Amino acid sequence: MNNLDLEQKKNRILYRELFHKANEGFKEQITNLKVKSYCKKERVCCKVRYTGFTPAEILSLKQENDDTSSEYTRLFIPYGANSDFDYENNNQVDIELNHQQASRVNKDYVNSVLAKLPGPVYFYLCKHLNNNECTLKDEKSFLCDGYPSSVTRMRIQGLAGRSC
Ligand code: SF4
């Protein structure tokens, strides 16, 4: 290997290192930003999330291989669900009861959502929340980490975020 080849090789290694460090730094900044901006571990978004989809519609999306809906059914159940609720066989929910029960948990939020959104809205809660702690630990979902960015619309502009 002549001097020029050697120099080029050193430069390639140097650039690779620089890129690697910049990438790591970027990821760390994004993580810090997400934690500071969105998640204060108050579990607000674990207790009440909304979507325009009924449980049956979420199931239907899941059956079309939609990853978000599939994950949604793993985590969330609708307010007003019977004790034997399940997405596959017993997924009917009364919308009035759904709103009433969600209101008992976070009335201001529910009222704000209902006032701002024109169509039917359903509220859901996470079944893995126990004593305000997440029981999934290491199996947490991208729906938790990625909140509020999600294909299923669970949050509207100017509502959550303050108290999450
Ligand atoms: S899995 Fe844990 S963090 Fe995610 S919504 Fe449920 S309780 Fe909250």
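Strand β1 pairs with strand β3 (residues 122-126) in the antiparallel sense, over three bridges, where two strands count as paired if DSSP finds at least two bridges between them. Within this pairing, Y50 has F123 in β3 as its bridge partner. This is a predicted model, in which local features need pLDDT of at least 70 and side-chain atom pairs count only at pLDDT 80 or more, while totals for chains, interfaces and linings use all residues. Residues are numbered from 1 along each chain as its sequence is written.

The sheet is open and consists of three strands in the order β1-β3-β2, with antiparallel pairing. Because β1 and β2 stand at the edges, each with a single partner strand, one side of each is left without a neighbour in the sheet.

| Edge strand | Residues |
|---|---|
| β1 | 49-51 |
| β2 | 76-78 |

In the protein chain there are seven helices and five strands, taken as DSSP runs numbered from the N terminus (helices H or I, at least four residues; strands E, at least two). Of its 164 residues, 20% count as buried, that is, with 20 or more other C-beta atoms, placed from the backbone, within 10 Å of their own.

Which residues surround the ligand? Among them are R43, C46, L75, C126, H128 and K140. The shell divides into seven nonpolar, two polar and two charged residues, where Ala, Val, Leu, Ile, Met, Phe, Trp, Tyr, Cys and Pro count as nonpolar, Asp, Glu, Lys and Arg as charged, and the others, Gly among them, as polar. A residue is near a molecule if its C-beta atom, placed from the backbone, lies within 6 Å of it.

Notes
A residue is buried if 20 or more other C-beta atoms lie within 10 Å of its own, exposed if 12 or fewer, and partly exposed in between; C-beta atoms are placed from the backbone.
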